[in-house]
Amino acid sequence: MTDAKKKLFIKTYGCQMNVYDSERMAETLGAQGYEQTEDQSEADMVLLNTCHIREKAAEKLYSDLGRLKPLKAEKPDLKIGVAGCVAQAEGEEIVRRMPIVDLVVGPQSYHRLPQMEAQVQTGVRALDTDFPQDDKFEVMKARPKAKRGPTAFLTVQEGCDKFCAFCVVPYTRGAEVSRPAERIVAEAQGLVEAGVREITLLGQNVNAYHGDAEGLAGLCAKLVKIDGLERIRYTTSHPNDMDDALIAAHGDEPKLMPYLHLPVQSGSDKILKAMNRKHTAEDYLRIIERIRAARPDILLSSDFIVGFPGETDDDFEQTMQLIDAVGYGAAYSFKYSARPGTPAAEKEDVAQDVMDERLQRLQALVTTQQHATQEAMVGREVSVLFEKPGREPGQWGGKSEYLHAVHVEAEGALRGQIRKVRITSAARNSLAGELVEK
Ligand code: SAH
Ligand code: SF4
Ligand code: F3S
């Protein structure tokens, strides 16, 4: 007789890399007899995979831990683990302040979860926030062959050497490390065999990838040869790492999707310099020009920070002008949050109400651009990779090559199919269309 499987509940905060890490941690613990559950109350282990990027993100951990106290009181055998970037940054403090936490594992150590899990089962708490020499991807077991949905993330590069003045990532994820190209190709092959048709390559600075002699463009050139892999995306890129080969690939490689997230943060050269971004607004605009020359229909998105220390009204207006000049398909914007340990940390000096006002204006402008981009799709034919049934019965939903959510009326299941769709109307956050061939 085999034991009943133990149940694992994972909550993921933060970026796509955390989503990927959560999957890998679930697989690793799967080999230890855990199966995932969506219901926290039936869990034998709760794992919180955390984000440290802004203060609000980090605070969520402590409020979630507070909410877990009654569950732990009810179920003393429940194990509680903290993973991800808060674990890395504040691991020892978490262990000290939070007696309900059994296990703390940093992003570079989760291949050690099996030993750590065994340790907590003996009643001894476990903390591992090293940056170990061994490569976690090599130590972990091969990924299970179970059937998967049509899209997947694949981490190709981790860490960051850029040290933007506001950012914790170089401290929580460590130095830039690229996985060898052949390992990535093998993992991609496995994903495709399991049903995946679109892969998003992940890295904190994905286009600084150097696990292939030809960089990220070289890796993409290898991946496009995989039969059945139809679409490749990558995120997040740094403007300074958009090399000629990668820009050219956007023109030459049909499997590389025409959507690019290229964060600029600010349109003011003074602020860019203070942020240590190492490029000017003009440099960024020239890069965009070259990308658009290679692939005129590409949709662009960016991240922006408002209220960085020293940002004047004039600096902010320059950011608005840059947004005007580029015309984004989407953008993510944040109020500056001073983070412990970063060079800018001590300086939060733009008043909250000023930040609020700037954020609102910036978001209004971006929303206008986003809607214009969506409206411009009406009447056009796009290709959609269908992922799941839509909200209404008889609907199917997926993403266009431009990453727009699209839904159609369709009889029968479309999951995993890539179909031509004519866009008929644009709503706030999605497009409606009809299959060109039924
Ligand atoms: N590697 C990516 C971004 C990682 S963090 C890049 O280089 O662009 C994602 C976004 O969070 C950043 O682009 C930035 O806009 C925002 N961010 C990072 N640190 C922040 C901070 N201290 N306060 C506010 N926003 C921040
Ligand atoms: Fe952070 Fe800058 Fe590195 Fe992006 S490039 S992860 S913003 S330090
Ligand atoms: Fe957050 Fe860490 Fe990602 S700080 S954004 S989870 S790299």
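The model is predicted: local features need pLDDT of at least 70, side-chain atom pairs count only at pLDDT 80 or more, and totals for chains, interfaces and linings use all residues. Residues are numbered from 1 along each chain as its sequence is written, chains are lettered from A and ligands numbered from 1 in the order in which they are written, and side-chain values use heavy atoms, with hydrogens and water left out. Helices (H or I, at least four residues) and strands (E, at least two) are DSSP runs, numbered from the N terminus.

**Helix 7**

- Helix 7 spans residues 181-193, 13 residues in total. From first C-alpha to last it reaches 18 Å, close to the 18 Å expected at 1.5 Å a residue. The expected span of a helix is 1.5 Å times one less than its number of residues.
- Its buried residues are A181, I184, V185, E187, A188, L191 and V192. Seen down the axis of helix 7, these buried residues fall within an arc of 165°, so they line one face of the helix. The arc is that of the directions from the helix axis to the C-beta atoms.
- Buried means under 20% relative accessible area, exposed over 50%, and partly exposed in between (1.4 Å probe, protein chains only).
- The face of helix 7 turned away from the buried side carries the exposed residues E182, A186 and E193.
- Cover for the buried residues of helix 7 includes helix 1 (16-30), strand 7 (151-155), strand 10 (198-202) and helix 8 (215-223). Contact means heavy atoms within 4.5 Å.
- Just after helix 7, G195 takes a positive phi of about 115°.

**Helix 11**

- Helix 11 (residues 281-294) has 14 residues, which should span 20 Å at 1.5 Å a residue. Its end C-alpha atoms are 20 Å apart, which agrees.
- A281, Y284, I287, I288 and I291 are buried in helix 11. They cover an arc of only 120° around the axis, which puts them on the same side of helix 11.

**Ligand 1**

- There are 15 residues around ligand 1, and F166, Q204, Q265, D303 and S337 come nearest. A residue is near a molecule or strand if one of its heavy atoms lies within 4 Å of it.
- A backbone N or O atom of F166 lies 3.0 Å from a nitrogen atom of ligand 1.
- A polar side-chain atom of Q265 lies 2.7 Å from an oxygen atom of ligand 1. For D303, a polar side-chain atom lies 2.6 Å from an oxygen atom of ligand 1.
- The protein covers 89% of the 540 Å² of accessible area that ligand 1 has on its own. Accessible areas come from the Shrake-Rupley method with a 1.4 Å probe; for residues, only the protein chains shown count as cover.
- Strand 13 and strand 14 (330-335) are the elements that give two or more residues to the shell around ligand 1.

- E311 sits in the loop between strand 13 and helix 12. At 5% relative accessibility, E311 counts as buried.
- The E311 side chain reaches the backbone nitrogen of G307 at 2.8 Å.
- Not counting residues up to four places away in sequence, E311 touches I271, I305, V306, F316, V350 and R358.
- D134 is in the loop between strand 6 (126-128) and helix 5 (136-139). D134 counts as partly exposed, at 34% relative accessibility.
- Leaving aside neighbours within four places in sequence, D134 is in contact with H111, R112 and V139.

**Backbone exceptions**

- Most residues other than glycine have a negative phi, and most peptide bonds are trans.
- A cis peptide bond joins T235 and T236, with omega about 0°. T236 lies in the loop between strand 11 (231-235) and helix 9.
- F163 has a positive phi, near 50°. F163 lies in the loop between strand 8 (157-158) and helix 6 (169-172), and is partly exposed, with a relative accessible area of 35%.
- L403 also has a positive phi, near 70°. L403 is in the loop between strand 16 (395-400) and strand 17 (405-409), and counts as partly exposed at 33% relative accessibility.

Definitions and conventions. A polar contact is a pair of N or O atoms within 3.5 Å; within protein, one must be able to donate a hydrogen and the other to accept it, and residues adjacent in sequence count only if both atoms are side-chain atoms.
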